[in-house]
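Work through the two exercises below. Each one has a task and a stepwise solution.

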Amino acid sequence: MPQLLLINGPNLNLLGNREPGVYGSRTLDDIVDEVQRHAASLGLDLVHFQSNHEGELVTRVQQASREGVSYIVINPAAYTHTSIALRDALLASDIPFIEVHLSNIHARESFRRHSYLSDIASGVIVGFGPSGYRLAIDAAASALGMPRST
Ligand code: DQA
(Lines give C-alpha, C1' and ligand atoms only; values in the text may rest on other atoms or scores of the structure.)
Protein backbone atom coordinates (compact mmCIF):
# COMPACT_ATOMS: atom_id res chain seq x y z
CA MET A 1 0.00 0.00 0.00
CA PRO A 2 1.48 3.41 -0.93
CA GLN A 3 2.11 5.50 2.16
CA LEU A 4 0.93 9.07 2.63
CA LEU A 5 2.22 11.30 5.39
CA LEU A 6 -0.12 13.94 6.80
CA ILE A 7 1.73 16.66 8.72
CA ASN A 8 0.11 19.33 10.86
CA GLY A 9 2.12 22.19 12.29
CA PRO A 10 1.92 24.37 15.38
CA ASN A 11 -1.32 25.06 17.24
CA LEU A 12 -3.33 22.68 15.07
CA ASN A 13 -3.42 20.33 18.09
CA LEU A 14 -5.81 22.96 19.53
CA LEU A 15 -8.43 22.58 16.78
CA GLY A 16 -11.90 22.49 18.26
CA ASN A 17 -11.02 25.18 20.83
CA ARG A 18 -8.79 27.46 18.80
CA GLU A 19 -10.62 30.39 17.15
CA PRO A 20 -13.61 28.25 16.14
CA GLY A 21 -14.95 31.10 13.99
CA VAL A 22 -11.85 30.73 11.78
CA TYR A 23 -10.94 27.05 12.14
CA GLY A 24 -14.23 25.34 12.98
CA SER A 25 -15.28 23.18 15.90
CA ARG A 26 -13.85 19.78 14.93
CA THR A 27 -10.87 18.42 16.80
CA LEU A 28 -7.69 17.31 15.05
CA ASP A 29 -8.25 13.70 16.19
CA ASP A 30 -11.71 13.73 14.65
CA ILE A 31 -10.44 15.16 11.35
CA VAL A 32 -7.47 12.79 11.16
CA ASP A 33 -9.69 9.80 11.90
CA GLU A 34 -11.97 10.67 8.99
CA VAL A 35 -9.11 11.42 6.61
CA GLN A 36 -7.38 8.16 7.53
CA ARG A 37 -10.54 6.19 6.73
CA HIS A 38 -10.91 8.06 3.46
CA ALA A 39 -7.30 7.29 2.50
CA ALA A 40 -7.82 3.61 3.32
CA SER A 41 -10.90 3.53 1.07
CA LEU A 42 -8.61 4.67 -1.77
CA GLY A 43 -6.01 2.01 -0.99
CA LEU A 44 -3.60 4.36 0.78
CA ASP A 45 -1.99 4.05 4.18
CA LEU A 46 -2.02 7.45 5.91
CA VAL A 47 0.29 8.20 8.81
CA HIS A 48 -0.23 11.40 10.80
CA PHE A 49 2.30 13.61 12.57
CA GLN A 50 1.63 16.86 14.45
CA SER A 51 4.22 19.04 16.13
CA ASN A 52 4.52 22.54 17.52
CA HIS A 53 8.28 22.52 16.85
CA GLU A 54 9.91 23.49 13.58
CA GLY A 55 12.89 21.13 14.01
CA GLU A 56 10.62 18.16 14.68
CA LEU A 57 8.71 18.88 11.48
CA VAL A 58 12.00 19.06 9.54
CA THR A 59 13.19 15.79 11.08
CA ARG A 60 9.88 14.06 10.26
CA VAL A 61 10.16 15.11 6.59
CA GLN A 62 13.73 13.79 6.49
CA GLN A 63 12.53 10.49 8.00
CA ALA A 64 9.78 10.26 5.35
CA SER A 65 12.42 10.04 2.61
CA ARG A 66 14.04 7.06 4.29
CA GLU A 67 10.64 5.38 4.80
CA GLY A 68 9.69 5.63 1.12
CA VAL A 69 6.64 7.83 1.69
CA SER A 70 4.92 8.42 -1.67
CA TYR A 71 3.18 11.72 -0.95
CA ILE A 72 3.00 14.33 1.80
CA VAL A 73 -0.06 16.41 2.68
CA ILE A 74 1.00 19.27 4.95
CA ASN A 75 -0.65 22.08 6.83
CA PRO A 76 2.48 23.89 8.04
CA ALA A 77 0.32 26.40 10.00
CA ALA A 78 2.32 29.50 11.00
CA TYR A 79 5.59 27.96 9.68
CA THR A 80 4.08 28.42 6.20
CA HIS A 81 4.94 32.07 6.45
CA THR A 82 8.36 31.82 8.11
CA SER A 83 10.15 28.52 7.55
CA ILE A 84 12.95 28.27 5.03
CA ALA A 85 14.07 25.16 6.98
CA LEU A 86 10.82 23.35 6.20
CA ARG A 87 11.04 24.41 2.55
CA ASP A 88 14.60 23.04 2.35
CA ALA A 89 13.57 19.77 4.02
CA LEU A 90 10.74 19.26 1.53
CA LEU A 91 13.05 20.10 -1.39
CA ALA A 92 15.67 17.67 -0.11
CA SER A 93 13.11 14.91 0.40
CA ASP A 94 12.04 15.00 -3.25
CA ILE A 95 8.61 13.74 -2.10
CA PRO A 96 5.70 15.47 -3.86
CA PHE A 97 3.50 17.39 -1.45
CA ILE A 98 0.22 19.28 -1.23
CA GLU A 99 -0.10 22.33 1.03
CA VAL A 100 -3.42 22.65 2.86
CA HIS A 101 -4.87 25.50 4.91
CA LEU A 102 -8.20 25.32 6.69
CA SER A 103 -8.82 29.05 6.36
CA ASN A 104 -8.49 31.17 3.24
CA ILE A 105 -5.09 32.67 4.00
CA HIS A 106 -5.54 35.16 1.14
CA ALA A 107 -8.57 36.73 2.83
CA ARG A 108 -6.81 37.33 6.16
CA GLU A 109 -3.87 39.43 7.41
CA SER A 110 -1.39 40.34 4.66
CA PHE A 111 1.47 38.40 6.35
CA ARG A 112 -0.48 35.16 5.75
CA ARG A 113 -0.50 35.68 1.98
CA HIS A 114 3.11 34.65 1.58
CA SER A 115 4.02 30.98 1.74
CA TYR A 116 7.56 29.61 1.65
CA LEU A 117 6.15 26.34 0.30
CA SER A 118 3.48 27.07 -2.33
CA ASP A 119 5.82 27.48 -5.31
CA ILE A 120 7.40 24.06 -4.72
CA ALA A 121 4.11 22.26 -3.87
CA SER A 122 2.24 20.07 -6.37
CA GLY A 123 -0.83 22.07 -5.38
CA VAL A 124 -2.33 24.22 -2.66
CA ILE A 125 -5.82 23.91 -1.12
CA VAL A 126 -7.05 26.79 1.03
CA GLY A 127 -10.30 27.86 2.63
CA PHE A 128 -12.35 24.65 2.62
CA GLY A 129 -11.89 23.78 6.29
CA PRO A 130 -11.24 20.09 7.09
CA SER A 131 -12.57 19.07 3.65
CA GLY A 132 -9.29 20.45 2.30
CA TYR A 133 -7.45 17.41 3.69
CA ARG A 134 -9.87 15.08 1.95
CA LEU A 135 -9.46 16.98 -1.34
CA ALA A 136 -5.69 16.71 -0.95
CA ILE A 137 -5.91 12.94 -0.39
CA ASP A 138 -8.04 12.63 -3.53
CA ALA A 139 -5.46 14.63 -5.51
CA ALA A 140 -2.58 12.53 -4.13
CA ALA A 141 -4.46 9.28 -4.91
CA SER A 142 -5.06 10.46 -8.46
CA ALA A 143 -1.40 11.48 -8.89
CA LEU A 144 -0.35 8.04 -7.64
CA GLY A 145 -2.69 6.35 -10.14
CA MET A 146 -4.93 4.77 -7.51
CA PRO A 147 -8.30 3.55 -8.80
CA ARG A 148 -11.23 5.71 -7.69
CA SER A 149 -13.36 4.36 -4.85
CA THR A 150 -17.07 3.80 -5.53
C1 DQA B 1 -3.45 27.85 8.84
C2 DQA B 1 -3.25 29.32 8.42
C3 DQA B 1 -1.99 29.90 9.06
O4 DQA B 1 -1.81 31.25 8.67
C5 DQA B 1 -2.09 29.84 10.57
O6 DQA B 1 -0.89 30.29 11.16
C7 DQA B 1 -2.45 28.48 11.08
C8 DQA B 1 -3.45 27.70 10.36
C9 DQA B 1 -4.79 27.29 8.32
O10 DQA B 1 -4.94 26.07 8.31
O11 DQA B 1 -5.68 28.06 7.92
O12 DQA B 1 -2.02 28.08 12.15
O13 DQA B 1 -2.41 27.08 8.28
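**Exercise 1. Describe the ligand site.**

Start with the polar contacts (N or O pairs within 3.5 Å). A polar side-chain atom of His101 lies 2.8 Å from a ligand oxygen. The side chain of Asn75 places an N or O atom 2.8 Å from an oxygen of the ligand. For Arg18, the side-chain N or O atom is 2.9 Å from a ligand oxygen.

Next, take the cover. On its own the ligand has 320 Å² of accessible area (Shrake-Rupley, 1.4 Å probe). The protein covers 98% of that area.

Then list the shell, with a heavy atom within 4 Å as the cut-off. Around the ligand are Arg18, Tyr23, Asn75, Ala77, Ala78, His81, His101, Leu102, Ser103, Ile105 and Arg112. By class, this shell has 5 nonpolar, 4 polar and 2 charged residues.

The model is predicted: local features need pLDDT of at least 70, side-chain atom pairs count only at pLDDT 80 or more, and totals for chains, interfaces and linings use all residues. Residues are numbered from 1 along each chain as its sequence is written, and side-chain values use heavy atoms, without hydrogens and water.

**Exercise 2. Classify the packing of helix 3 and helix 4.**

Now find the contact (heavy atoms within 4.5 Å). Helix 3 contributes Glu54, Leu57, Val58, Val61 and Ser65. Helix 4 contributes Ala85, Leu86, Ala89, Leu90 and Ser93.

Technical notes. Polar contact = N/O pair within 3.5 Å; in protein donor to acceptor, adjacent residues only side chain to side chain. Nonpolar A, V, L, I, M, F, W, Y, C, P; charged D, E, K, R; others polar. Helix = DSSP H or I, 4+ residues; strand = E, 2+ residues; numbered from the N terminus.
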